[in-house]
Amino acid sequence: MALRVGLTGGIGSGKSTVLQMLAQLGAAAIDADAISRGTTAAGGAAIAAIAERFGSDFITPEGALDRDRMRERAYADPLARRQLEEIIHPLVSSESARQVRVALQAGIRCIVFDIPLLVESGRWQSQVDRVLVVDCSPQTQVERVVARSGLKADEVRAIIAVQASREKRLAAADLVICNEGLSIDQLRDKVVQAARRFGL
């Protein structure tokens with residue numbers, strides 16, 4: 001039976017880099033965000049239901065979800081956010097389950113679920129054996145996201161404010177990788193140590 005690890009961390013913590021490193025070490029990486037984006041891309045499985053629920057204004061001419069328009073609507077209207085989640089979550093769950101079956105059939109020993117909202121969602125913690133948190137200071141999060149995305153510092157702080165607090169994430173963790181002031185090689189060393197604990 002494969003060990004199931006839930007990987008989480010705030011925006012800009014380096015979670016995606018850690019996921020890639022674990023995959024290189026032999027873990028099956030299941031990226032719920034990437035699956036979710038796939039459902040709302042042009043021709044994605046969620047598009048017809050989104051158009052029906054919210055109207056064709058929310059679909060781009062290319063046939064994808066108009067993310068900016070939906071983001072504005074979801075921030076202004078919590079019901080809209082819930083309705084969108086009701087469309088997308090079952091599709092993400094179904095595709096995640098399919099990827100897990102493929103990994104188990106291949107004899108993979110460790111399956112890592114990249115779950116940005118692991119602490120917030122409440123439902124994931126019961127579905128994983130271990131929780132791995134990638135942690136850094138809020139100031140470092142802001143600096144990294146501003147550098148890579150073009151968002152303003154205040155916009156990044158607003159995103160951090162709606163995510164689970166650093167304290168809540170750390171309280172949920174079985175293992176923490178502190179990604180503060182590390183070179184990529186130093187981070188890789190920490191990931192290798194974590195991977196050993198996961199049977200990789």
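These notebook entries follow what I looked up in one predicted model.

**Ground rules.** I number residues from 1 along each chain as its sequence is written, and my side-chain values use heavy atoms, with hydrogens and water left out. Since this is a predicted model, local features need pLDDT of at least 70 and side-chain atom pairs count only at pLDDT 80 or more, while totals for chains, interfaces and linings use all residues.

**Confidence.** I looked up pLDDT, the predictor's confidence in each residue, from 0 to 100, and found that the mean for the protein chain is 93, with 100% of its residues at 70 or more. Confidence is lowest in helix α6 (residues 118–121), at a mean of 84, and highest in β5, at 97; here helices (H or I, at least four residues) and strands (E, at least two) are DSSP runs, numbered from the N terminus.

**The sheet.** I then traced an open sheet of 5 strands, in the order β2-β3-β1-β4-β5, with parallel pairing, where two strands pair if DSSP finds at least two bridges between them. Its edge strands, β2 (28–31) and β5 (175–178), each pair on one side only.

**Beside β2.** I noted that β2 and β3 (residues 110–114) run parallel and are joined by 4 bridges, and that Ile-30 stands opposite Phe-113 in β3.

**The largest pocket.** I looked next at the pocket lining, and 45 residues line the largest pocket, with Asp-33, Tyr-75, Pro-116, Leu-117 and Gln-163 nearest its centre. A pocket here is an open set of points on a 1 Å grid over the protein atoms alone, where a 1.4 Å probe fits, with protein on both sides within 12 Å along at least five of seven lines, and lining residues have an atom within 4 Å of a point. Helix α5 supplies the largest share of this lining, 6 residues.
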